[in-house]
Amino acid sequence: MSATGKRRCHAPRTGGFTLIEALVVVAIAALIAGLGWPRIDRAIKHQQFRTNLALVTQSLRAARAAAIRTSAPASFAVIGAGDRFAIGAVAQPPLTQGYRLAPLDRRALRFFADGSSDGARFMLMGGGLRSAITIYPSTGVVITDRRQ
């Protein structure tokens with residue numbers, strides 16, 4: 001009861017948000033997230049692609065270095081459907097799901113003690129991206145050519 005003896009039904013508003021104000025904020029946040037999601041998704045796919053490309057190229061370079069270091073041939077081979085590969089007899093961890101390494105001319109190649117190789121070309125594909133990987137026979141140098 002108030003000092004006048006009348007009962008008050010509603011206290012004056014002192015702070016906080018109404019339900020409508022909260023819903024407007026949530027709607028604006030959802031709109032911003034909806035507009036930004038395609039860019040975030042694309043960035044994630046690009047990063048996964050770069051990670052897989054780096055894994056394959058570094059593995060090829062490691063096989064070449066092993067051949068030079070040990071003065072014995074070292075091999076690199078695509079296994080199965082192309083989601084895995086092996087260096088020598090050791091199978092490496094699989095590529096990220098949805099990514100595949102396709103041989104363009106041969107499934108396996110050898111690096112020799114002088115650093116040269118049989119020469120081969122592979123195509124890494126996934127996430128709507130692809131990159132050609134070329135290993136030159138005379139030098140064994142590994143070159144990537146990224147295409148979208």
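Predicted model: local features only at pLDDT ≥ 70, side-chain atom pairs only at ≥ 80, totals over all residues.

Colleague: Why is the pair of Phe49 and Tyr99 called tilted?

Modeller: The ring centres of Phe49 and Tyr99 are 6.4 Å apart, and rings pair if their centres lie within 6.5 Å. The planes make an angle of 45°; because under 30 degrees counts as stacked and over 60 as edge-to-face, with the rest tilted, the pair of Phe49 and Tyr99 is tilted.

Colleague: What makes this pair a link between distant parts of the chain?

Modeller: Phe49 belongs to helix α1, whereas Tyr99 sits in the loop between β3 and β4, and the two are 50 residues apart.

Colleague: How do you know whether Phe49 and Tyr99 are buried or exposed?

Modeller: The relative accessible area of Phe49 is 0% and that of Tyr99 is 5%; buried means under 20%, so Phe49 is buried, and Tyr99 likewise counts as buried.

Colleague: Why is the pair of Phe76 and Phe122 called edge-to-face?

Modeller: With 5.6 Å from centre to centre, Phe76 and Phe122 show 65° between their planes, and because angles over 60 degrees count as edge-to-face, that label applies to Phe76 and Phe122. Phe76 lies in strand β1 and Phe122 in strand β6, 46 residues apart. Together with Phe85, Phe76 and Phe122 form one aromatic cluster.

Colleague: Which residues have the most contacts inside the largest nonpolar core?

Modeller: Leu60, Leu101, Phe122 and Ile133 do, in a core of 22 residues, to which α1 gives the most, with six residues.

Colleague: What makes Lys45 and Asp41 a salt bridge?

Modeller: The closest N and O atoms of Lys45 and Asp41 are 3.7 Å apart, and because the cut-off is 4 Å, the pair qualifies as a salt bridge. Lys45 and Asp41 are four residues apart in helix α1, which means a separation of about one helical turn.

Conventions: Residues numbered from 1 in each chain as written. Heavy atoms only, no water. Phe/Tyr/Trp six-rings, centres within 6.5 Å; stacked < 30°, edge-to-face > 60°. Buried < 20%, exposed > 50% of the residue type's maximum accessible area, 1.4 Å probe, protein only. Core = buried A, V, L, I, M, F, W, Y, C linked by side-chain atoms within 4.5 Å. Salt bridge = Lys/Arg side-chain N within 4 Å of Asp/Glu carboxyl O.
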